[in-house]
Amino acid sequence: MKPVTEFRSPTKLTYTVSAGTVATEFLSAILQRRIVGRRCPVCTKVYVPPRPACPTCAALCEEPVELPETGTVTTFSVVRIPFPGQLLEPPYACAHVLLDGADVPLLHIVGGVDVNQVRMGLRVTAVWYEEPQPTLASIRYFTPNGEPDADYASFREHV
Amino acid sequence: MRPVHIAGFAQLPHGLVDNRHDEGGMVRAVTAAALQEAGLGRDDVGFTCSGSSDYIMGRPFSFVMALDGIGAWPPIRESHVEMDGAWALYEAWVRLQHGDVDVALVYCFGKSSLGDVEAIYALQNDPYTIAPLGLDPMTAAALQARQLIARGLLTEREIAETVVNARRNGQSNAEVPAIETRSVEQLLAQPLVRDPLRAHDAARFTDGAAAIVLTVGGGGPRIAGIDHRIDSMNLGVRDLTLCNSARIAAERAGAHNIDAAELYVPYASQEKLLCAAMGLDPGVQINPSGGTLVAETPMVAGLVRIGEAARLIRSGAKRTLAHATAGPCLQQNLVCVLEEAP
Ligand SMILES: [Zn+2]
């Protein structure tokens, strides 16, 4: 008997997902090229993207915090090889960007610069696409803004 | 066995669609309320266990997102079941028997409004033989109802009466969406959707979350017995007019002298079968909350049954029974018997 090694059983599930109040606030702001986080009333940490509750205090984060589009690279990796599902052409730099006034870094891309120039402490500014969509990908990348590098001590609490 | 009590219970009002909360927000609301009712803080909790399903929530690792709601820092002892919260409560009860932890927090959440729950449940069937046929749970329940009727164990009128009672009881439950009462005649006049079942025979899916705080000792309703059993996933090898897993779980949980029972009834045709399997006398009050025919939040409705059964003790009942089920044709059953704290 020949072993059965393959059979077809197509499965499809469709969902209508809502972002919830907190993510809706964040994504609506992105449409206006604004970045809005939320502050924990207990430890005062500012989360971006915002969270409905502080993951360390379990307190409700109800206060929106307007954040600038400038920040500091706290860590990075240069992606040098292609892989399935890749959106950008290598090489490119994937980085944690700590926005000024935020307490957790945002994962994004550092672009508009030779990847060999990307470094911890690099000061960057958001570069937006012409027509923002409700997604963090509406920021094309963060690019160096010419400010002097930040001291490691100034962001060591956030790495 | 260490005596385990239900010290606190909270649920989000079950809604038809909840667009407001994400996982963390839902969990934060119910766990904070349950801990408050128990008079405890999150630092008192020695073990946390949750129940939910990524298939229901439509996103991977939704249970990890939910941890935001309980402030799991510094890292806590935590576990999760991809099941109804009733089974999370079972795991927490077992954990409390170990002897080194005295307070456990159980929570669960689910949103039926995001996807097609029946299509999701259909994927629980055997992937090689049954799932490709697309057997949905209501069709499976109809196969079962047909056999019950043929054996003289059930009538279409009794199915309708179950719906009438559930909707009547649901009128006084402020935590479920409004539902209209109907007469048996009105219900029987409705078209058959899975002959012999009608649309209103299926539980009404809702969105929501619930939490229970368990303590060793202390006050509050005591868990007198708890057990869960599972039947074969192959419907053909089961006698669908019996429910052996529910019978054995009820026997082992001590389902006697019950005043009132909160049963997880996915289809109205299954309530009488469940009562018979668990040996519940005709005098037992069934689903004073309205039960799942009024509000079934996936992954939550089972834990809610335990919470509602605990509320019945707090309002004067001596001994109550809570039941949870999963899988086609009542495949898996959990029974929890509660009594007054001695
Ligand atoms: Zn905090």
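Predicted model: local features only at pLDDT ≥ 70, side-chain atom pairs only at ≥ 80, totals over all residues.
Which residues does B:Asn333 touch, not counting residues up to four places away in sequence?

**Where chain B meets chain A**

- Let's start with the head count: 28 residues of chain B are in contact with 22 residues of chain A.
- Three residues stand out here: B:Arg28, B:Asp68 and B:Leu114 supply 31% of the area that chain B buries against chain A, more than any other three residues.
- One of that trio, B:Asp68, also forms a salt bridge with A:Arg51, and the closest N and O atoms of the pair are 2.6 Å apart.
- The count of salt bridges between chain B and chain A is one.
- Polar contacts join in too, with nine residue pairs between the chains (both residues at pLDDT 80 or more).
- On chain B's side, the elements that give two or more residues are α1 (23-38), α2 (54-57) and α5 (117-122).
- Helix α1(B) gives the most, with three residues.
- Sort chain B's side by class and you get 12 nonpolar, eight polar and eight charged residues.

**Two helices crossing in chain B**

- Two packed helices are described by the angle between their axes and the distance between the axes.
- Helix α4(B) brings B:Gly85, B:Ala86 and B:Leu89 to the contact, while α11(B) brings B:Gly302, B:Leu303 and B:Ile306.
- By class, the residues of this contact are four nonpolar, two polar and no charged.

**Back to B:Asn333**

- You'll find B:Asn333 in strand β12 (residues 332-339) of chain B.
- A polar atom of the B:Asn333 side chain lies 2.9 Å from the backbone oxygen of B:Leu330.
- And now the promised list: B:Asn333 touches B:Trp87, B:Asp227, B:His228, B:Arg229, B:Cys243, B:Ser245, B:Ala246, B:Ala249, B:Leu274, B:His323, B:Ala324 and B:Thr325, leaving out residues up to four places away in sequence.

Terms used: Residues numbered from 1 in each chain as written. Chains lettered and ligands numbered in written order. Heavy atoms only, no water. Contact = heavy atoms within 4.5 Å. Buried area = accessible area lost by both parts, 1.4 Å probe. Salt bridge = Lys/Arg side-chain N within 4 Å of Asp/Glu carboxyl O. Polar contact = N/O pair within 3.5 Å; in protein donor to acceptor, adjacent residues only side chain to side chain. Helix = DSSP H or I, 4+ residues; strand = E, 2+ residues; numbered from the N terminus. Nonpolar A, V, L, I, M, F, W, Y, C, P; charged D, E, K, R; others polar.
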